[in-house]
Amino acid sequence: MIPTATNSDSVKRRFIQKSQDNEITPTKICRTHSTPKRSKDNTIIDSIQLSSISSYVVDNEIPEYKPITISDNGHTFLKTHTDVPSFSINNNLHNIHQDTFEMKYDKLHTFRVCGRDVNKKHLEPLYHTEDSVNDNTELYLYGSIISVYLSILCHEENNNDKSVTFFTCDDMILSHYHESETALLKVGMREFLTYRVPEYDIILLPVCKFNHCYLIVVFTKLYIIMFLDSNLNSVNRDDIKFTLKLFKLYYKYFGRDFDEKRFTIYRPKVFQQFNGYDCGVYACLFGETIIKKNNKHHQYHLQCNLPVYKNFIKNKILDHMKKGTKPPTTYTFDETKLTTFPYKCCVNISTQMACYALPGNADPMDYLTNIANNYWADISFCDKSGCPDPQNQNQDYSTVEWVYCKIGHHWFHIQCMGLNVCDITENSYICPSCKL
């Protein structure tokens, strides 16, 4: 599937690997896309439900031809993927050298943008089309490309809107922990401490392994983990456990409590890919839907014109390579403490934590589009770990006073924080976590 930055020359070997990961089968079922059908001429057609853009159902017949225009250099594409003209992208790889000629790479031909490494070789799949390659493995996106693209979007959004903060982790962390868990826990902890990752509101973790890639998203204040996969229907237990271990170790480093049982794991039925090599593109699409809080790129899936979206990704990355976009804010930490830090911890993941159905049985792509907009409206519980009644379901807690953290946007019971209501003035409280 997708070679990552650390295994760029092992594509063939990785293609014959088989996943050994354990999986959770969620207990609830939500509305899903229809199964593929075939027309009279044996053309595969997919029925897709998407209330926010355009719902259409194919029932053994090709829909009426209705061209629509999308905002990509004025090109016009058809609505049904059976007759979509291929988007012409110059696949001559000499263009990579032309596009990057003025950029300064290090000795490993790597350029740094938004704190992520972009290798010149990793740009190649963005220049390829299905007609320009002999082997479809050349069309797979590298994990580093997914990571840097989503990092760029996070950078743009964090600069534009401070109400919800976003961060994209290095793809290597979750893509290689199965090879050496302790080593990757150390790598992940260093990134978590350098950027204070768990303090962000929405954290995206690209995963590229076992011939496939997908996206895990952690909504830290909502205690939600979203497993977004364009091809599979199950949740990878080990990926979730490793993610929560990183969070638990981070909190342990600062002497704070962490309860993984507060999290709910969702595996919504998002857009499903039409072929065996576009999973990396879909990971970018899902991440962009959340970060940008809009659905304007969904049309590329509906029309099966993902090459256009790949070209959009390529231009965005090249633009920021030329700008030399800086990484997120970095923090210092005690290197000696990290060296001697115990990396063993236990995380319990139960089947009850995972489910298909989103809150209110929402349409998956609708939900991803709006979750950042509704982020703070959905927080109505005490954020103090160990609180006996976070959602005030116990009548004894119904009259408890609350205090609001103006930095982290958390709500706390005053008595859970050991505070006196007389000592707090309006909009002045900062919780211990945000003071770090």
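Tyr309 and Phe312 both sit in helix H9, three residues apart, about one turn of the helix. The model that shows this is predicted. The rings of Tyr309 and Phe312 form a stacked aromatic pair, with 6.4 Å centre to centre and 10° between the planes. Tyr309 is buried, because its relative accessible area is 0%. Phe312 has a relative accessible area of 23%, so Phe312 is partly exposed.

A second pair has another geometry. The ring centres of Phe341 and Tyr343 are 5.6 Å apart and the planes stand at 85°, so this pair is edge-to-face. Planes over 60 degrees apart count as such. Phe341 is buried, and Tyr343 is buried too. Phe341 and Tyr343 also belong to one aromatic cluster, whose members include Phe192, Tyr223, Phe247, Tyr250 and Phe263. The structure has 19 aromatic pairs by the rule used.

Next comes the nonpolar interior. In soluble globular proteins, nonpolar side chains tend to be buried together. Here the largest nonpolar core has 58 residues, and Ile202, Phe219, Met226 and Ile317 touch the most other members. Several elements each supply at least two residues of this core, among them strand S6 (110-113), helix H3 (143-160), S9, S10 and strand S11 (224-228). Helix H7 (279-292), H9 and helix H11 (364-370) do likewise. H7 gives the most to this core, with nine residues. Apart from this core lies another, of 43 residues, and its members include Met189, Ile225, Ile240 and Leu249.

Beyond its neighbours within four places in sequence, Ile317 is in contact with Leu123, Leu126, Ile145, Val148, Tyr149 and Ile152.

Charged side chains come next. The count of salt bridges is 13. Glu181 and Lys245 form one of these, at 2.6 Å from N to O. Glu181 belongs to helix H5 (residues 181-195) and Lys245 to helix H6 (residues 237-253), so the pair ties together parts 64 residues apart in sequence. Glu181 counts as partly exposed because its relative accessibility is 34%. Lys245 has 14% and therefore counts as buried.

Lys221 and Asp201 also meet in a salt bridge, at 2.8 Å from N to O. This pair links distant parts of the chain, 20 residues apart: Lys221 is in the loop between S10 and S11, and Asp201 is in the loop between H5 and S9. Lys221 is buried, and so is Asp201.

A further bridge joins the side chains of Glu260 and Lys248, at 3.4 Å from N to O. Glu260 lies in the loop between H6 and strand S13 (264-266), and Lys248 lies in helix H6, so the pair ties together parts 12 residues apart in sequence. Glu260 is at 4% relative accessibility and so counts as buried. Lys248 is at 21%, so Lys248 counts as partly exposed. Elsewhere, salt bridges that share partners join Glu156, Glu157, Lys292, Lys293 and Lys316 into one network.

Now turn to strand S10 (residues 212-219), where His212 is found. His212 counts as buried because its relative accessibility is 8%. The side chain of His212 makes a polar contact of 2.7 Å with that of Asp229. His212 and Ser230 are 18 residues apart in sequence, yet 9.7 Å apart in space, C-alpha to C-alpha.

Asn211 lies in the loop between strand S9 (202-209) and S10. Asn211 is not a glycine, but its phi is positive, at about 65°. Cys304 is placed in the loop between helix H8 (298-302) and helix H9 (306-323).

That leaves the cysteines. A disulfide is a covalent bond between the sulfur atoms of two cysteines. This structure holds zero disulfides. Cys114 is in none, and the nearest cysteine sulfur, from Cys154, is 8.7 Å away. The relative accessible area of Cys114 is 4%, so Cys114 is buried.

Notes:
Residues are numbered from 1 along each chain as its sequence is written. This is a predicted model: local features need pLDDT of at least 70, side-chain atom pairs count only at pLDDT 80 or more; totals for chains, interfaces and linings use all residues. Side-chain values use heavy atoms; hydrogens and water are left out. Helices (H or I, at least four residues) and strands (E, at least two) are DSSP runs, numbered from the N terminus. Buried means under 20% relative accessible area, exposed over 50%, partly exposed in between (1.4 Å probe, protein chains only). A polar contact is a pair of N or O atoms within 3.5 Å; within protein, one must be able to donate a hydrogen and the other to accept it, and residues adjacent in sequence count only if both atoms are side-chain atoms. A nonpolar core is a set of buried Ala, Val, Leu, Ile, Met, Phe, Trp, Tyr and Cys residues joined through side-chain atoms within 4.5 Å. Contact means heavy atoms within 4.5 Å. A salt bridge is a side-chain nitrogen of Lys or Arg within 4 Å of a carboxyl oxygen of Asp or Glu. A disulfide is a pair of cysteine sulfur atoms within 2.5 Å. Rings of Phe, Tyr and Trp (its six-membered ring) pair if their centres lie within 6.5 Å; planes under 30 degrees apart count as stacked, over 60 as edge-to-face and the rest as tilted.
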